[in-house]
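User: Got a model open here and I'd like to talk through a few spots in it. Can you walk me through them?

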Amino acid sequence: MLVELKDAEIGHEDIPILSHVGLTVDEGEFVYLIGKVGTGKSSILKTLYAELPLRTGEGSVLGYNLKKMKSRKVADLRKQVGIVFQDFQLLTDRTVRENLDFVLRATGHKKKAERKERIQAVLELVELTEKLDSYPHELSGGEQQRIAIARAILNDPKIIFADEPTGNLDRDTGVKIVNLLREICERGTAVVMSTHNWDLLQNYPGIVYRCENGTLAEVTQEFNKPIIMGDTTPSPQNPEHLTGTQE
């Protein structure tokens, strides 16, 4: 098991957001976190990569105990996971090559030739080798997010945490990003992705958890129900169900 939360409380400082959280992620799984803005999707991800402390309960990521995490162990954990942000968070004064090389050097890769080879490999995967010497401002939003994904997989992580990776992109570009994450998942890397775009779940099925009313519940089966003609019951396939859920 790569990720496990048991009876966990998630929140910021003295403000609880989610209680009695149970979540598991295993190798090669694609997991969605859905819910309205402010219901705790991002807070779960931040807890899993140790930006937020686990308030109560039990939690582990790649064998690291989130409840007893020391600062030096946080750095060790983050070297073994990939993190993709909605706003890309690329270093604007450095080229694509320099952005990726910075991460490799920071995570202990000392041999220049090996870093160069790894950068080439991840850029081939995201199909942006021609952007090696471009600066972030010279890239489209979709290209910047693909570079952010390349950065996330530099160290061959067992799991990627992606926080609204399509949130700042148009629909078609967002679909391309999800396709890329699915391809990475099929290679064996687990992906936990928060999203408010429920349309993605219809075309790219996975395990689905919903944040709502201070709780987290697995609702995968709600997104696997067949559409019945004439059925007006709100469902993920029925547009009425989507009202108020998107940002």
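This is a predicted model: local features need pLDDT of at least 70, side-chain atom pairs count only at pLDDT 80 or more; totals for chains, interfaces and linings use all residues.

User: What order do the strands of the open sheet come in?

Analyst: The order is β2-β1-β4-β5, four strands with antiparallel pairing. The edges are β2 (15–25) and β5 (64–65); each has a single partner strand, so one side of each has no neighbour in the sheet.

User: And which helix packs on the sheet?

Analyst: Helix α1 (residues 41–48) does, touching β1, β2 and β4. Its direction makes about 115° with that of β1.

User: Switching to Gly11. Buried or exposed?

Analyst: Buried, because its relative accessibility is 2%, and the cut-off for buried is under 20%. Gly11 is part of strand β1 (residues 3–12).

User: What does Gly11 touch, leaving out residues up to four places away in sequence?

Analyst: Pro16, Ile17, Leu52 and Arg55. As for Lys46, 35 residues apart from Gly11 along the chain, the two C-alpha atoms are separated by 9.8 Å.

User: New topic: how do α5 and α6 pack?

Analyst: Helix α5 (residues 141–152) and helix α6 (residues 171–186) pack at about 15°, with axes 10 Å apart. They therefore count as roughly parallel, since the angle is under 35 degrees. Their crossing is right-handed.

User: Which residues meet there?

Analyst: From α5, Gly142, Gln145, Arg146 and Ile149; from α6, Thr173, Ile177, Leu180, Leu181 and Ile184. By class, that contact has five nonpolar, three polar and one charged residues.

Definitions and conventions. Residues are numbered from 1 along each chain as its sequence is written. Side-chain values use heavy atoms; hydrogens and water are left out. Helices (H or I, at least four residues) and strands (E, at least two) are DSSP runs, numbered from the N terminus. Buried means under 20% relative accessible area, exposed over 50%, partly exposed in between (1.4 Å probe, protein chains only). Contact means heavy atoms within 4.5 Å. Two strands pair if DSSP finds at least two bridges between them. Axes are lines fitted to C-alpha atoms, for helices over the stretch in contact, and angles run from 0 to 180 degrees between N-to-C directions. Angles under 35 degrees count as roughly parallel, over 145 as roughly antiparallel, 65 to 115 as roughly perpendicular and the rest as oblique. A crossing is left-handed if the near helix is turned anticlockwise from the far one by less than a right angle, and right-handed if clockwise. Ala, Val, Leu, Ile, Met, Phe, Trp, Tyr, Cys and Pro count as nonpolar, Asp, Glu, Lys and Arg as charged, and the others, Gly among them, as polar.
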